[in-house]
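Good morning, colleagues. Please look at the sequence and the model as they come up, and I shall then take you through a few of their features.

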Amino acid sequence: MKFGPIPTGEAKGAILAHSVKLPGRTIKKGARLTGDDIEALLAGNVTEVICARLEAGDVHEDEAAERVARHAAGPGILVDPPFTGRCNLFAEEAGILRIDEDAVNRLNRTDPGLTFATLPAYAAVEAGRMVATAKIIPFALPGSVVNEAENAETTGPALELAPFRLKRIGLIQTELSNLKPSVLDKTRKVTERRLAAGSAAVIAERRVAHRSGDVANALLALAEDGAELILVYGATAIIDRDDVIPTAIRDAG
């Protein structure tokens with residue numbers, strides 16, 4: 001890639017290095033100068049521009065970023081169209097982000113002009129969350145660098161999504177005489193909000209007396225309703241023997 005000042009009249013097709021403000025418009029950094037751009041620059045008395053010109057074998061920053069991103073993306077990861085040398089990756093659905101740290105490190109060691117960043121490994125993410133980004137720092141990279149990034153030996157993709165599997169949730173709340181219904185209502189609302197981040201929902205709720213037999217019956221009923229996971233909130237957790245609720249759960253199978 002060649003970089004430096006160019007007479008404006010010779011700059012068609014070059015990549016503008018710095019934004020230029022003209023009357024009524026701005027030509028932004030990174031734009032490939034068109035014939036109309038050249039005319040506007042000359043009309044604005046801009047006789048010289050600082051540009052980058054790609055040479056044979058160079059890969060434009062957008063193409064390079066997209067190629068790196070698609071190489072890194074595994075199952076459950078969506079790749080957005082690139083812009084200004086950046087290509088963002090998103091979670092297709094809610095789940096846990098799995099990262100191959102060695103693969104990410106290899107990408108980042110390929111060349112100082114190539115960077116790849118991710119959320120932490122095993123982060124819980126909702127559908128549509130941005131989980132990684134590929135960024136090309138110069139306006140282009142040598143094709144050999146992009147090829148090296150794409151062809152690095154790995155045991156799998158640099159990142160993939162393990163989607164949450166349990167979607168149908170049952171809820172049990174035990175009651176005591178001094179426990180206000182509004183407390184139980186709030187507990188359900190908070191639980192539903194947290195589950196929604198994982199694309200799960202409460203399909204049924206049972207409010208029962210704070211007795212092991214009642215909890216066991218509620219467990220069986222929710223299982224018959226199709227609950228894949230059952231959450232149990234006890235009205236108290238400090239005055240029962242340790243084995244009361246666990247025993248009820250074991251008895252319910």
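Let us begin with Gln-173, which is buried, with a relative accessible area of 1%; buried means under 20% relative accessible area with a 1.4 Å probe, counting protein chains only. This is a predicted model, in which local features need pLDDT of at least 70 and side-chain atom pairs count only at pLDDT 80 or more, while totals for chains, interfaces and linings use all residues. Residues are numbered from 1 along each chain as its sequence is written, and side-chain values use heavy atoms, with hydrogens and water left out.

Gln-173 sits in strand β15, residues 168-175; strands here are DSSP runs of E, at least two residues long, and helices are runs of H or I of at least four, numbered from the N terminus. Which backbone oxygen does the side chain of Gln-173 reach? That of Leu-184, at 3.0 Å. Gln-173 also touches, with heavy atoms within 4.5 Å, residues including Thr-187, Glu-205 and Tyr-233.

I turn now to the nonpolar cores, sets of buried Ala, Val, Leu, Ile, Met, Phe, Trp, Tyr and Cys residues joined through side-chain atoms within 4.5 Å. The largest has 32 residues, and Leu-89, Phe-116, Val-131 and Leu-159 have the most contacts inside it. Helix α2, residues 61-72, supplies the largest share of this core, 5 residues. Another core, of 14 residues, lies apart from it and has Leu-16 and Ile-38 among its members.

Methods
Buried < 20%, exposed > 50% of the residue type's maximum accessible area, 1.4 Å probe, protein only. Polar contact = N/O pair within 3.5 Å; in protein donor to acceptor, adjacent residues only side chain to side chain. Lists of a residue's contacts leave out its neighbours within four places in sequence.
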